[in-house]
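Hello,

Here is the structure we spoke about, with my notes below it. Please read them with the coordinates open beside you.

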Amino acid sequence: MNEYIGIAVSFVLAAGIAGATVVLGSTLGKKNPTSEKLAPFECGKDPFSLPKGRFAIKFYLVGILFILFDVELVFLYPWAVVYRALGISGLIEIGLFLGILMVGFVYAWDNGALNWE
Amino acid sequence: MSDLALLIPELILVVMAVGLILVARRIQRTPVAPVGTVFAAMAAALASGWVLSWGSKTGFGGMIILDGYSQFFKILSAATLALAVLLSVRSLDGEQVPRAEYHALLLLATTGMMLAVSAHDLLPLYLSLETMTLCSYILVGIRVERPSSNEAAIKYFLLGSFASALLIYGISLTYGVTGTTDFAGITAALSGHGPGTNLLLLVAIGLVSAGLAFKIAAVPLHAWAPDAYQGASAPVAAFLAAGSKAVGLAALGRVCLAAYSSEGHVLSAVLAWLAGLSIVVGSIIALSQTDMKRLLAYSSITHAGYALLGLIAGTPDGASATMTYAFFYVFMTLGAFGVVIALGERGEKLDGYRGLAAQRPGTAVLMLVFLMSLIGIPPTAGFAAKFVVILSVVRSGHMALAVLAVVCSVVSAFFYMRVAVFMYMNEPQESPPARFPVAVFAALAVAALVTVIGGISPGSLAPWAVSP
C-alpha cells in the first residue's frame with residue numbers, strides 16, 4: 001500500500017487547498033454584491049436562457065475545431081520532451097501526424113467553417 | 001519502416017480517404033469519389049494478398065499480426081467496400097448526400113475493419129473497432145434532412161457507446177488480471193492458473209464478449225440493428241450488415257482462439273447462449289416484419305447466431321467454419337440488399353414485391369437466389385455455409401443447439417419464402433420499377449456469382465479459410 005500514500009497525500013492537499021480558499025474567501029472576504037457580480041460567469045452567450053432556447057450552431061463548429069488543435073497539442077507536448085531521443089524518424093512521424101490533422105482543418109476551412117456569417 | 005509495410009492495404013485506403021477529404025468541395029458533382037473508392041478497394045484487396053506472400057509475421061511491437069486469417073478478412077472487407085460503393089451509385093443521386101464525404105467515411109470505416117482483423121492486442125482492437133463504428137454512426141445519419149435517419153444515428157450512437165464502454169471495461173479487467181493487453185501475453189499469463197478459478201477474469205471475458213457481440217448484433221445486444229438499418233439508406237445498411245458483422249466475428253474468433261483460449265469452456269457457454277438466442281429470437285421476430293430493411297436486419301441477427309456456432313467448439317476447424325460462413329454471408333446479404341436498392345422506394349416495403357416476377361423476371365430470379373441462400377437451400381452457398389457450422393457444433397457435442405439451428409432454419413424459410421411467394425404468385429399492384437444502373441447490376445452479378453459458385457463447389461474456399 002505504500003506506493004498509494006503519495007496519491008492520498010496529494011488528494012488531501014488538493015482538497016485542503018481548494019477547501020481553504022473557499023472557506024477563507026467566504027468568511028474573510030469583503031462582500032459587495034451587485035446583480036452583475038452574482039450572475040454565473042459564462043462566455044460567448046447570454047448567461048441565462050431557458051433550455052428550450054436555440055443555441056447557435058457556430059459554437060459547435062468552433063468546439064470541433066478546438067478539439068483538432070487540442071489533440072495536436074496533447075501529442076506534440078510529449079514528443080517535444082523526448083524529441084532528441086527520437087531523432088529524425090520522430091520528426092517525420094510527427095510531421096505525418098500534423099499533416100493528417102491539418103487535412104481536417106483544411107477541409108473545415110474549405111467548406112466555410114471559419115466564416116462567422 | 002518494415003512494420004509499415006504490413007499495413008499497405010490500410011495505407012492505400014487512408015491515402016484515398018484523405019485525398020477525397022482534401023478536394024471534397026471540388027468533386028461533389030463528379031464520379032471521382034466512387035470510381036476512386038472502388039479502385040482503392042481493389043488495390044487494397046490485391047495488396048492484402050501480396051503482403052501475405054511474405055509469410056506470417058507481427059509488427060509494431062506485436063500489436064499487429066499478418067497471417068492468413070487477417071488477410072482473408074481484409075480481402076472480404078475490401079470486397080464489401082467495393083460492392084457497397086457500386087450499390088450506392090443511384091441512391092446517392094436522389095439524396096442530398098455529399099459524395100466525397102460519404103466515400104471517405106466508407107473508406108475510413110473499412111480501414112478500421114482491416115486493422116481490427118489484424119490486431120493482436122486488445123487496445124489496437126478496441127481502437128480500430130471504434131474507427132469503424134464512429135464512421136458507421138455518421139454514415140447511418142448522413143441523410144441529414146430525414147428525421148428517421150437522424151433518429152437511427154442517435155440510437156445507434158448511444159447504444160454503441162454503451163457497448164464500447166463494456167468492451168473497454170472488459171479490456172481493463174483483463175489487464176488487471178494478466179498485466180498485459182497483448183494476446184500472446186494474455187495466453188502466457190493465463191496458462192499459469194487453472195481455468196475458471198479467477199472470477200474477475202470471467203467477468204472480463206463476459207464484458208469483452210458482450211462488447212463484440214454488439215458489433216455483430218447478437219441477441220441480447222441486437223436492439224440497435226433493425227432501427228439503424230431502417231433509418232440508414234439501403235447501401236449503408238448493406239455495408240453495416242455485411243462488413244461490420246464479418247469483422248465482429250473475425251475479432252471474436254481471434255480473441256477466443258488467440259487470447260482467452262485457456263478459458264475455452266466459459267467462452268463456449270457464453271457463445272452458445274448468444275448463438276441460440278440470436279437464432280431463435282431473430283427467426284421469430286422476422287416473421288412479423290413488413291419493411292424489407294427490418295426483415296433483413298432480423299435475418300442478419302439470425303445469421304450472426306449461425307456464424308457463432310462455429311466458434312463454440314473453440315477449435316481451428318470451428319473457426320474456419322465461421323470464416324466460411326462469414327464469407328458467403330457477406331455476399332448473399334449484399335445481394336439481397338442490392339435487390340432492395342435496385343427496386344428503389346418500392347423495394348423497401350414487402351408489398352412492393354407483389355408480382356415482381358411478371359414485371360422484372362431477371363431481378364426476381366436474382367432475389368430468389370439470394371433468398372434461397374439465406375434460407376440455406378442447396379445448391380446455394382448458404383447451404384454450404386450452414387452445413388459446415390452445424391457440423392462443427394455437432395462435433396463439439398452440442399446436439400440440442402444443432403437441432404435448434406435446423407428447426408429455426410425451417411422457421412426462417414417461412415419469412416424468406418413469403419417474399420418469393422409475393423414475387424411469383426401475386427398480381428402486380430404497382431407500375432414496374434425503373435431500370436437500375438449498370439454499377440448496381442455489376443454488384444448484383446458478383447454477389448450472385450459467389451453465391452452460386454459457393455453452392456456448387458463448397459470446398460473452393462477451404463484452402464484460404466485458415467484459422468488464427
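**What was found**

In this predicted model, B:S161 lies in helix α8 of chain B, which covers residues 147-178. Is B:S161 buried, or partly exposed? It is partly exposed, because B:S161 has 13 C-beta neighbours inside 10 Å, and a residue needs 20 or more to be buried. B:M399 is 238 residues away from B:S161 along the chain, and the C-alpha atoms of the two are separated by 36 Å.

Next, helix α13 of chain B, residues 264-286. This helix has 23 residues, and at 1.5 Å a residue they should span 33 Å. Buried residues in α13(B) include B:L267, B:V270, B:L271, B:L274, B:I279 and B:A286. Which helices cover them? The cover includes α10 (199-215), α12 (234-259), α14 (292-312) and α19 (399-425) of chain B.

Another pair of helices to look at is α18 (residues 381-395) and α20 (residues 438-456) of chain B. They pack at an angle of about 55°, and their axes are 6 Å apart. The angle therefore makes α18(B) oblique to α20(B). On the α18(B) side the contact is made by B:A381, B:F383 and B:A384, which meet B:V450, B:T451, B:G454 and B:G455 in α20(B). The residues of this contact divide into 4 nonpolar and 3 polar, with no charged ones.

Chain A meets chain B through a contact of 6 residues of chain A with 5 residues of chain B. On the chain A side these are 4 nonpolar, 1 polar and 1 charged.

Within chain A, A:P33 sits in the loop between α1 and α2. A:P33 is exposed, because 7 other C-beta atoms lie within 10 Å and the limit for exposed is 12 or fewer. The C-alpha atoms of A:P33 and A:K58 are separated by 34 Å, and the two residues are 25 apart along the chain.

Finally, confidence. Chain A averages a pLDDT of 85, and 88% of its residues score at least 70. Among the elements of chain A, helix α1 (residues 5-28) has the highest mean pLDDT, 92, and helix α2 (residues 35-38) has the lowest, 76. Where pLDDT is low, the predicted coordinates should not be read in detail.

Regards

Conventions:
Residues numbered from 1 in each chain as written. Chains lettered and ligands numbered in written order. Predicted model: local features only at pLDDT ≥ 70, side-chain atom pairs only at ≥ 80, totals over all residues. Contact = placed C-beta atoms within 7 Å. Nonpolar A, V, L, I, M, F, W, Y, C, P; charged D, E, K, R; others polar. Helix = DSSP H or I, 4+ residues; strand = E, 2+ residues; numbered from the N terminus. pLDDT = per-residue confidence, 0-100. Axes fitted to C-alpha atoms, helices over the stretch in contact; angles between N-to-C directions. Parallel < 35°, antiparallel > 145°, perpendicular 65-115°, else oblique. Expected span 1.5 Å × (residues − 1).
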